Amino acid sequence: MENETKLIAERERAALAEQVIKNPVYVEAKDMITGNLIDAWRSTHVSQDQEREKIFLMLQMAEQFFDVLDTTIRTGKFAELQLGDPNG
């Protein structure tokens with residue numbers, strides 16, 4: 001029963017995460033953040049090692065943040081399968 005409760009919670013979290021990633025404001029913010037960081041990196045000179053590295057790290061962190069939602073959705077879909085949900 002405890003496992004089923006956990007699976008249901010994961011399924012619910014996935015639904016919430018899916019609402020977020022489909023929200024137009026989120027999509028716009030994600031695109032803007034990613035685009036701004038890539039533009040900033042491209043506008044640096046090759047000799048600006050530290051600045052380029054800092055921007056690269058910020059881009060990596062942004063991608064990790066966005067990946068959390070994708071992972072939550074995948075986990076929830078797997079939980080649906082384990083629950084035997086015919087709608088999943």
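Mentor: We shall discuss the nonpolar core, a surface patch and some individual residues. Please note that this is a predicted model.

Trainee: Which residues make up the largest nonpolar core?
Mentor: That core has nine residues, namely A17, Y26, L37, I55, L59, A62, F66, L69 and I73.

Trainee: Which helix gives the most to this core?
Mentor: Helix α3 gives the most, with six residues. Both α2, which covers residues 24-43, and α3 supply at least two residues each.

Trainee: And what does L59 contact, leaving aside its neighbours within four places in sequence?
Mentor: With those neighbours set aside, L59 is in contact with T34, L37 and I38. L37 is itself one of the core residues.

Trainee: Turning to the surface, which residues form a nonpolar patch there?
Mentor: The patch consists of W41, F56 and L57, and together they have about 290 Å² of accessible area.

Trainee: Where is L57 found?
Mentor: L57 is found in helix α3.

Trainee: A change of topic: where does D67 lie?
Mentor: D67 lies in helix α3, which spans residues 49-83. D67 counts as partly exposed because its relative accessibility is 42%.

Trainee: How far apart are the C-alpha atoms of D67 and Q50?
Mentor: They are separated by 26 Å, and the two residues are 17 residues apart along the chain.

Conventions: Residues are numbered from 1 along each chain as its sequence is written. This is a predicted model: local features need pLDDT of at least 70, side-chain atom pairs count only at pLDDT 80 or more; totals for chains, interfaces and linings use all residues. Side-chain values use heavy atoms; hydrogens and water are left out. Helices (H or I, at least four residues) and strands (E, at least two) are DSSP runs, numbered from the N terminus. Buried means under 20% relative accessible area, exposed over 50%, partly exposed in between (1.4 Å probe, protein chains only). A nonpolar core is a set of buried Ala, Val, Leu, Ile, Met, Phe, Trp, Tyr and Cys residues joined through side-chain atoms within 4.5 Å. Contact means heavy atoms within 4.5 Å. Patches are made of residues with over 30% relative accessible area and no salt bridge: like charges are joined within 9 Å, nonpolar side chains (Val, Leu, Ile, Met, Phe, Trp, Tyr) within 5 Å. Accessible areas come from the Shrake-Rupley method with a 1.4 Å probe; for residues, only the protein chains shown count as cover. A salt bridge is a side-chain nitrogen of Lys or Arg within 4 Å of a carboxyl oxygen of Asp or Glu.
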